[in-house]
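Biologist: I am new to this model, and I would like a close look at one strand and its partner. Please start there, then show me what else lies along the chain.

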Amino acid sequence: MPGSSIALLFPGQGSQVVGMGKNLAETYPVARQTFEEADEALGIKLSNLCYEGPEDQLRLTENTQPAILTVSVAAWRVMNEKGMQPGFAAGHSLGEYSAHVAAGTISFADAVRTVRNRGKYMQDAVPVGTGAMAAILGMDLDAVAAVCADAAQGEVVEPANINSPEQIVISGHAAAVERAAKLADERGAKRAKLLSVSAPFHCSLMQPAQDRLAVDLEQVNFSAPKVPVVSNVYARPAEDAAGAREALIRQVTGSVKWNESMQTLIARGVQTFIEIGPGKVLCGLMRQIDRSKKCLNVEDEGSLQKTMDFLAAEVKSS
């Protein structure tokens with residue numbers, strides 16, 4: 001089932017839910033093996049954490065990141081076994097690692113170990129309570145950037161996730177983020193709300209995490225992606241192994257250019273997007289970016305069958 005007009009999308013932090021991956025692991029040996037591989041690579045029972053929780057443990061960044069990656073890769077391997085061959089891949093923040101595993105750029109074991117450390121480094125970079133993030137709804141990027149510049153007052157507050165024309169997340173020092181959210185409200189944003197996050201991701205406060213992660217990523221073996229993977233920081237495909245590594249390093253402090261990344265894929269002829277992993281966050285963003293594009297998801301047996309049926313019907317009618 002080849003598909004140059006199909007792009008795989010992999011979710012990032014925030015999509016986790018207790019019970020994720022359990023149904024796939026019970027149904028497909030390749031999914032179960034993926035969880036076993038993760039448990040072995042990390043030396044912890046990550047599978048139990050995904051299947052049973054507890055939720056407070058699953059929400060810890062150093063657990064969340066490898067957990068979402070593992071569920072996403074398990075779902076991808078099931079699809080791959082069924083003959084799925086996409087034209088492109090992309091992942092939101094952490095999801096870029098899942099995309100590179102699917103593209104054969106890095107091994108799953110290396111990826112799961114790296115993102116566990118990535119989670120630790122991001123958590124350690126800024127003391128709890130020092131940083132914050134807020135979602136600004138219904139305000140364009142230039143206006144949000146102006147709000148951040150005016151609210152900074154010597155502190156850090158920056159656009160972190162440019163998710164869609166409707167939604168931009170800002171990140172930085174807690175007081176500066178609060179000032180920016182208030183200012184966005186005053187300047188006509190539909191809504192500005194503080195997010196419940198453990199650290200201010202994707203801003204310059206994450207530099208200590210980026211420096212530590214760079215050392216780890218230099219030790220990881222990268223290959224040229226077999227499928228073009230659109231990077232968060234550049235919103236264009238990483239062409240080679242060195243480019244893929246560099247994009248993953250820069251991503252820690254760089255903003256996630258998700259809206260632009262999706263526009264890049266649409267410009268290259270992608271008609272169908274498949275979100276692989278827990279939740280439907282990226283399908284929700286696609287509705288805000290381009291409602292004419294089809295977005296399906298795969299997180300369990302039910303959604304998998306629905307997606308495979310749709311793709312089979314598409315092949316038949318073409």
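**A strand and its surroundings**

Modeller: Happy to! Isoleucine 276 stands opposite valine 298 in β10. Isoleucine 276 belongs to strand β9, residues 272-276, and five bridges join β9 to β10 (residues 294-298), the two running parallel. Two strands count as paired if DSSP finds at least two bridges between them. Helices (H or I, at least four residues) and strands (E, at least two) are DSSP runs, numbered from the N terminus.

This is a predicted model, in which local features need pLDDT of at least 70 and side-chain atom pairs count only at pLDDT 80 or more, while totals for chains, interfaces and linings use all residues. Residues are numbered from 1 along each chain as its sequence is written, and side-chain values use heavy atoms, with hydrogens and water left out.

How does the chain get from β9 to β10? The path goes through α13, and this β-α-β crossover is right-handed (with the strands pointing away from the viewer, the path from the first strand over the helix to the second runs clockwise).

Because five of its five residues are buried, β9 is largely enclosed by the rest of the structure.

Let us turn to a sheet elsewhere in the chain. Four strands form an open, antiparallel sheet in the order β4-β5-β3-β6. Its edges are β4 (157-164) and β6 (191-194), each pairing on one side only. From one strand to the next, the twist averages 20°. Strand β3 (residues 131-137) is joined to β6 by four bridges, and here isoleucine 136 stands opposite alanine 192 in β6.

Two helices pack on this sheet. Helix α8 (residues 141-152) touches β3, β4 and β5 (167-173), and its direction makes about 160° with that of β4. Touching, or contact, means heavy atoms within 4.5 Å; axes are lines fitted to C-alpha atoms, for helices over the stretch in contact, and angles run from 0 to 180 degrees between N-to-C directions.

Some single residues also deserve a stop. Glutamine 153 sits in the loop between α8 and β4. Glutamine 153 is exposed, at 60% relative accessibility, and has a positive phi of about 50° although it is not a glycine. Serine 93, in the loop between β2 and α6 (95-102), has a positive phi too, about 60°, but serine 93 is buried at 10% relative accessible area. Most residues other than glycine have a negative phi, and most peptide bonds are trans. The bond from glycine 53 to proline 54 is cis, with omega near 5°; proline 54 lies in the loop between α3 (46-52) and α4 (55-58).

Finally, two buried residues. Aspartate 39, in helix α2 (residues 29-42), has a relative accessible area of 11%. Leaving aside residues up to four places away in sequence, aspartate 39 touches Ile44, Lys45, Leu46 and Ser47. Methionine 84 is in the loop between α5 (61-81) and β2 (85-91), and its relative accessibility is 0%.

How values were computed:
Buried means under 20% relative accessible area, exposed over 50%, partly exposed in between (1.4 Å probe, protein chains only).
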